[in-house]
Amino acid sequence: MQDGELSKVAGAELGPSAAAISATEEIAAIEQLLKCPGTAGEDLGQRILDARRRWPWQVRLQLLQGSWLEAAGRGDDAAACYRAAQADHPTNPWPTVRLVELLLRQRRHEEARRDFRDTVWSCSAPERTRTGLLSRIAAGIPDPADREAFLRSLLRHHPDDRFALLKLAVLRFRQKDRPAAEALFDEAVRLGPLTDEAQLIQLDLHFAAARFDAAYGLARDLQARHPDRVEFARRSIQAALFLHRLDEGVALLQAALLRWPEDWLLLFRYNRCPLPSETDRDLFATLSARRDAMAGNDRWLFQYAIASLRHVAVEPTLALLRTLVVSPAVGHMAAPLAAALSAHPLECWANPRAISNACEDDVQIVPQPMAVATVVLFSSVAGGLGYLPFGLADGLLRQRPVNVVYLRDRNHRAFTSGVRGLGTDHAAMIGALQVITRRLGAPVVTMGSSIAGVAAIRAATLMQAQAAISFAGPVNLGVDATEETASSPGAVGGTRHALFTTFTGADPGIVQMIRAAPATRVHQCFGADFAPDVAAARLLELLANARLHPEPGCADHLVIEHAIASGSFLTIFDAALRREAAA
């Protein structure tokens, strides 16, 4: 209903009860009615008109009229109502705020950006309101160049510039331009205090640049100031682990899981924490007691399934995974893992050699009589071969006559600082592996998935191994290392990928290392339909000692599970075991 329609009821008489109500009471009553479902009828619209006739300069009544019009399905009339309120109350920020919110709901993004830039950004609305709208508007601009142009259009030599600068820093961060991101962030810091969300960005920059002391201090400060926010607890745990403050990290994780047992990202962190075996068992028992209560929380259940592979027989875990394969949230991860486990009989996963899944056991040597090769398996961030813990991975490797050396990186450095049980750094690890493999007396084949695949290639070239098998190892690290969040655990990227580049910045690139070791055959397996891993694999196309193995039908980073399910894992494994002269 438009302002002009007020004249239609201008002569109406108010009853005695209506005349006794104050504007504040009437506004409160209308607000309450608007919150009730099914009350956007004409009676309420008429009541708002009557109130506006009595109190024509009450801007809140104009805003309520706009809310009623939108609830009645009259979005364009609502927008006109808010614009009229803007004209009537040019110094009041709320008509424009409500207008921009409406335009965003209507997906009229260009209008929303224009009104936000021209009116809201410089208005007197609370900072939290303005920055919240800024985040929503910026997130709705898909093209990075357009987003940057919009953000730069907000800069006006004002302390509020820091909020746009921070979002520009995030853009640069995601575009892998960390120096530019750091510079933009520093410029923002100079303009004034940062929001807690901005300090989360600062944490990401600390992590990516390996400033773990700074990251831990900031994370603990944020957690102390906001003890009820689980995201700060998660960052404190992550920082403690990268800083090698394992006891503190474990204590923080225990406390967080007990306080927020339903948070799936805490389970994600739990599955990547080098917990003492007794602590792992206790926490898993606590989580198991909540499993039934978590029915319907597919992300939580998937992380629980990953944990259960370390603790229980495969059969019940496989049954759980099969219920998750149709999940919109986790089906793309659960389906390949369920298919991999289903591709072999249950006896394959029974772990008769009692391979340990405990994080304390960072070096395990399993000799085999008449071995044709020694496999050195580098654990993934989830603690095994992809999602398979070592006890299950052994079910695959023992199908061939090979010695196996199982390695874990408790340093959280993607093996760039070695393995604790083999020395103090990467060079010591390589030297110790050479001693071990010489004693076992068989050609060496290294293996790993994702970032562990890069570690396997790196070690193989330095050891002059017979072969390396990399399942979607990001061999482009150091060329275009990427940054991703932990919110999509199946994606390529992540903190460890950025750190790998940081820690090996003075070393030759992976492609250069492969080229310099012509006697080492490198097998790169990747999803044929997953563009990031296809692009990385293409860097190896012209190398005479590289063999590319695209996995048909794989459109994600979880190629190891797809390869096990299709049978190509053993095909690639057998190819690596064969002695071949380099071309």
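The protein exposes about 24,500 Å² of surface, and carbon and sulfur atoms supply 53% of that. Before going further, this is a predicted model. Of the 583 residues in the protein, 54% are buried. The secondary structure comes to 28 helices and nine strands. As for the contacts with a separation of 6 or more, 66% are between residues 24 or more positions apart.

Which residues of α5 are buried? They are Gly75, Ala78, Ala79, Cys81, Tyr82, Ala85 and Gln86. Viewed down the axis of α5, these buried residues fall within an arc of 155 degrees, so they line one face of the helix. Against what do the buried residues of α5 pack? Their partners are α4 (59-71), α6 (94-105) and α7 (109-120). On the other side of α5, Asp76 and Ala87 are exposed.

Asp394 sits in helix α21, residues 390-397. Is Asp394 buried or exposed? Buried means under 20% relative accessible area, and Asp394 has 0% relative accessibility, so it counts as buried. If we set aside the neighbours within four places in sequence, Asp394 is in contact with Arg353, Ile355 and Tyr406.

Key:
Residues numbered from 1 in each chain as written. Predicted model: local features only at pLDDT ≥ 70, side-chain atom pairs only at ≥ 80, totals over all residues. Heavy atoms only, no water. Helix = DSSP H or I, 4+ residues; strand = E, 2+ residues; numbered from the N terminus. Buried < 20%, exposed > 50% of the residue type's maximum accessible area, 1.4 Å probe, protein only. Contact = heavy atoms within 4.5 Å. Areas by Shrake-Rupley, 256 points an atom, 1.4 Å probe, with all protein chains shown as cover. Arc of directions from axis to C-beta.
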